[in-house]
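Here is a short report for a reader who is new to this structure. Please have the sequence and the model open while reading.

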Protein chains: 2
Amino acid sequence: MSEPKTAVLHLNPSKNHEKIDGMEDNATIDFGSYMDARRALVDRALERYLPAEDTYPESLSRAMRYSVMSGGKRFRPILCIASFEACAGQGDAALPIACAIELIHTYSLIHDDLPCMDDDDLRRGRPTSHKVFGEAVAVLAGDALLSFAVEIVVREGTRLVPSERIVRIVGDLLKAAGPEGMVAGQVVDMASEGKPADAETVKFIHRHKTGALISSSARCGAIAAGAIESVIDRVSSYGARVGLAFQIVDDVLDAEGTFGNLKAASGLDEKKRKLTYPSVFGLEESKAVAARLAREAKDAIAPLGHAGLPLQLLADLVVNRSS
Amino acid sequence: MSEPKTAVLHLNPSKNHEKIDGMEDNATIDFGSYMDARRALVDRALERYLPAEDTYPESLSRAMRYSVMSGGKRFRPILCIASFEACAGQGDAALPIACAIELIHTYSLIHDDLPCMDDDDLRRGRPTSHKVFGEAVAVLAGDALLSFAVEIVVREGTRLVPSERIVRIVGDLLKAAGPEGMVAGQVVDMASEGKPADAETVKFIHRHKTGALISSSARCGAIAAGAIESVIDRVSSYGARVGLAFQIVDDVLDAEGTFGNLKAASGLDEKKRKLTYPSVFGLEESKAVAARLAREAKDAIAPLGHAGLPLQLLADLVVNRSS
């Protein structure tokens, strides 16, 4: 996702300047600029929302900022905003929700990296939170970000979005984050390390650990925009497929980059002995599934017409990215 | 708090069967029965809300239940319900909110007990979560309970309480739990271990680590009941004082039970080298402050009249309990 313009041009050059109703003044879309503009919006809002570095206790404020402002691609928040815009949402009303999603995502990364979990020293090329701030502050920075995410939706979102929608959004996001979503995925992911490849288990992990929050990101954009239920259902269906495809492609990129095809097909991620999609289904089948999911995702939102074009391009980007 | 009837009788026998408007059919209050009935309500609701033990992944469901259903006194949820009732709230509308508060409290205990935090092996006489389920599942069970708390308020609460109030309650609770509340208190608590006694720091820790959620518990009961702002302010003021008194009394009981007066007055909790109220202000002054806070708390809600009697008795109980 580091070169979205090139990737999209390569894939589908005719769509790079597609007409899109009511989206931009000149009624065309440059997808690279589209992504850059929304990523900048999200970055600026996060910068504004987060406690200043010198807010007491400083170690907490610094740890929160360190992990959130670490050059993330902001895929989930952009997905939320694109979904909001596709459903005719106006203005910046989705921005606090989009930022909350990134805060929830960041909290999960900090906790996943802990010594008692995946024990990772590096994240996005920088030392992980517990390496910089110690384990206790890392746990607490994650805890703080999850609570703060909800606080932001309520504090900033309620001025922009009716309370009924805010309640539904908060419930949707936290269900996606909790014991029926992301946390369940991480528990099973941890428990399956070193175990034999198993199709049902890897599907459960991917749907819960990554898929649930990505799906909720798309759905909450539609809810914030006040979309009718049938549209929310379509966006939700789109999000579930994009979310699963996202993680499968992660696995594929990891397998191809780190181990090459033969080793990756041997059953288990060699470093962590993690269960991955290619380890169960093989690389070619994994790629085919991801491509099929992206097609199904795009089909689901086809009725949105040109307004859904950024979502269509995001689905393409998910399966065709190189990082 | 294990013998509320006796404690209250000892304290204020004339109030043990006080008339209380609209509270019970016979228009009197037996505080022991009052507490027992509401504790049972909370316990049954938690039992109903929590995922069944065999919900996949079982380790997570069992870990969530293990820590929540461990014989807690349910002080915070009862405070929320008492505040709701004092503000003329009707029926069980506060119950999901009360349960969510207990889930948030339990999440904080699980994380506080972790090896990288206070490294406690026992909690309420039983092995701590990480001793039973391992560190990874303990971190994740805590994470799950925080998300699940919000889910419960939204899923169960929205049927009973208007969305505007639910939004405000969720925001209030998560602010109390997050980087401006409980988490900040825990960060400073950890950072101050082994440091010299310091009045401002111990006040900050107590107000944030314990006080914020207790204060929010009282306030959210009033918000759920639809109280007017001036009453919410009074209940909030009550809650802040009761919350601070609660932690001061915890420190006093700990000091008297574990070390005796002389050691406790020496400056630091000897086992954990934690900053405590008696270590800074001495035992007698700590007791005097707690008693003053309880009086101020009761004064704040005096205008609620007889409807506020359970809140008055709860304030007495906090400072006069023996466990």
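## Helices α4 and α5 of chain B

Start with two helices of chain B. Helix α4 covers residues 75-86 and helix α5 covers residues 95-113; their axes come within 8 Å and cross at roughly 155 degrees. Angles over 145 degrees count as roughly antiparallel, and α4(B) and α5(B) are therefore roughly antiparallel to each other. The crossing of α4(B) past α5(B) is right-handed. On the α4(B) side, the contact is made by R76(B), P77(B), C80(B) and I81(B). On the α5(B) side, I97(B), A98(B), C99(B), I101(B), E102(B) and H105(B) take part. By class, the residues of this contact are seven nonpolar, one polar and two charged.

The loop between α4 and α5 of chain B holds A88(B). Most residues other than glycine have a negative phi. A88(B) is not a glycine, yet its phi is positive, about 70 degrees.

## The model and chain A

The model is predicted. Chain A has 323 residues, and 58% of them count as buried. The chain contains 14 helices and four strands. Consider the contacts in chain A with a separation of 6 or more: residues 24 or more positions apart account for 70% of them.

## Helices α5 and α10 of chain A

In chain A, look at helix α5 (residues 95-113) beside helix α10 (residues 199-224). Their axes come within 10 Å and cross at roughly 165 degrees. The cut-off for roughly antiparallel is over 145 degrees, so α5(A) and α10(A) are roughly antiparallel to each other. α5(A) passes α10(A) in a right-handed crossing.

Which residues make the contact between α5(A) and α10(A)? From α5(A) come I97(A), I101(A), I104(A) and H105(A). From α10(A) come L213(A), S217(A), C220(A) and A224(A). Six residues of this contact are nonpolar, two are polar and none is charged.

## How the two chains meet

Two copies of a chain are related by a rotation about an axis and a shift along it. Here, a rotation of 180 degrees superposes chain B on chain A, with 0.0 Å of shift along the axis and an RMSD of 0.0 Å. That is the relation of a two-fold axis.

How many residues of chain B are in contact with chain A? There are 42, and they touch 42 residues of chain A. Four helices of chain B each supply at least two residues of this side: α3 (58-68), α7 (135-157), α8 (163-177) and α9 (182-191). The largest share, 14 residues, comes from α7(B). By class, the side of chain B that touches chain A has 28 nonpolar, eight polar and six charged residues. The copies meet through the same surface, because 100% of the interface residues of chain B are also interface residues in chain A.

## Backbone details

Most peptide bonds are trans. In chain A, the peptide bond from Y56(A) to P57(A) is cis, with omega near -10 degrees. P57(A) lies in the loop between α2 (31-49) and α3 (58-68) of chain A. In chain B, a cis peptide bond joins Y56(B) and P57(B), with omega about -5 degrees. P57(B) sits in the loop between α2 (31-49) and α3 of chain B.

D119(A) has a positive phi, near 50 degrees, and is a residue other than glycine. Where is D119(A)? D119(A) lies in the loop between α5 and β3 (122-123) of chain A.

## An arginine pair in chain B

Last, turn to R295(B), found in helix α13 (residues 283-300) of chain B. R295(B) is partly exposed, with 15 other C-beta atoms within 10 Å. R295(B) and R241(B) are 54 residues apart in sequence. In space, the two are 9.0 Å apart, C-alpha to C-alpha.

How values were computed. Residues are numbered from 1 along each chain as its sequence is written. Chains are lettered from A and ligands numbered from 1 in the order in which they are written. This is a predicted model: local features need pLDDT of at least 70, side-chain atom pairs count only at pLDDT 80 or more; totals for chains, interfaces and linings use all residues. Copies are superposed by least squares on the C-alpha atoms of residues with pLDDT of at least 70 in both. Two residues are in contact if their C-beta atoms, placed from the backbone, lie within 7 Å. Ala, Val, Leu, Ile, Met, Phe, Trp, Tyr, Cys and Pro count as nonpolar, Asp, Glu, Lys and Arg as charged, and the others, Gly among them, as polar. Axes are lines fitted to C-alpha atoms, for helices over the stretch in contact, and angles run from 0 to 180 degrees between N-to-C directions. Angles under 35 degrees count as roughly parallel, over 145 as roughly antiparallel, 65 to 115 as roughly perpendicular and the rest as oblique. A crossing is left-handed if the near helix is turned anticlockwise from the far one by less than a right angle, and right-handed if clockwise. A residue is buried if 20 or more other C-beta atoms lie within 10 Å of its own, exposed if 12 or fewer, and partly exposed in between; C-beta atoms are placed from the backbone.
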